Amino acid sequence: MTTITLVRGDITRESVDAIVNAANSSLLGGGGVDGAIHRRGGPAILDDCRKLRASQYGKGLPTGQAVATTAGDLDARWVIHTVGPVWSASEDRSQLLASCYRESLRVADELGARTVAFPAVSTGIYGWPIDDGARIAVETVRAADTAVEEVRFVLFDERAYEAFAARVG
Ligand code: AR6
């Protein structure tokens, strides 16, 4: 059984085995949580990302997939980078968002990570409505077949925290 916990705060301050990053397919950094992780984690994360691009992801990491790097100076062993879908009102991309959580947990299992911190993927710059983003996150983690013992959702603001709290109960 995976325990779900909720924390309000900055994910770069968490102490866990793996921190999930809401990245973009370039893997070369950006704003939001991605920017914060690279800033606090230092250049070792970007070095690993560049190597992954050179070796496997020359065309970028596809939406819905996940890949791990060092966590650099963060208080974690790994950062798992996943690429969420951009919200679309005309197309249902919820399977891609669910895939981000599932694939991140699959990578965590491969690494042997037991505690994993997630941000609310796609709900910032990518525009996904927070209530629906929280629903997909919690349902997908609950349904996942994983050895991860704790999934910690780290929510940056009160609105996001409330949306997850309403789902977790
Ligand atoms: N800790 C926890 N959550 C955070 C933090 C933080 N330090 N900073 C922001 N959030 P976003 P996306 C929340 O925009 O929507 C980047 O440029 C934020 O409030 O970080 O998946 C990437 O490179 C929101 O609830 O990611 C991509 O280009 C959630 O994290 C693009 O943004 C996700 O917001 C990805 O957009």
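Modeller: Of the 25 residues around the ligand, those that come nearest are Ala 22, Asn 24, Gly 30, Gly 32 and Gly 124. This is a predicted model, in which local features need pLDDT of at least 70, side-chain atom pairs count only at pLDDT 80 or more, and totals for chains, interfaces and linings use all residues. Residues are numbered from 1 along each chain as its sequence is written.

Colleague: Which classes of residue make up the shell around the ligand?

Modeller: The shell has 13 nonpolar, nine polar and three charged residues. Ala, Val, Leu, Ile, Met, Phe, Trp, Tyr, Cys and Pro count as nonpolar, Asp, Glu, Lys and Arg as charged, and the others, Gly among them, as polar.

Colleague: Why are helix 3 and helix 4 called oblique to each other?

Modeller: The axes of helix 3 (residues 94-111) and helix 4 (residues 130-143) come within 9 Å and cross at roughly 50 degrees. Angles under 35 degrees count as roughly parallel, over 145 as roughly antiparallel, 65 to 115 as roughly perpendicular and the rest as oblique. The two helices are therefore oblique. Axes are lines fitted to C-alpha atoms, for helices over the stretch in contact, and angles run from 0 to 180 degrees between N-to-C directions.

Colleague: Why is helix 4 also called oblique to helix 5?

Modeller: The axes of helix 4 and helix 5 (residues 158-168) come within 9 Å and cross at roughly 45 degrees, which makes the pair oblique. In this contact there are seven nonpolar, no polar and four charged residues.

Colleague: How confident is the predictor in the residues of the chain?

Modeller: The mean pLDDT, the predictor's confidence in each residue from 0 to 100, is 98 for the chain, and 100% of its residues reach 70 or more.

Key: Helix = DSSP H or I, 4+ residues; strand = E, 2+ residues; numbered from the N terminus. Near = placed C-beta within 6 Å.
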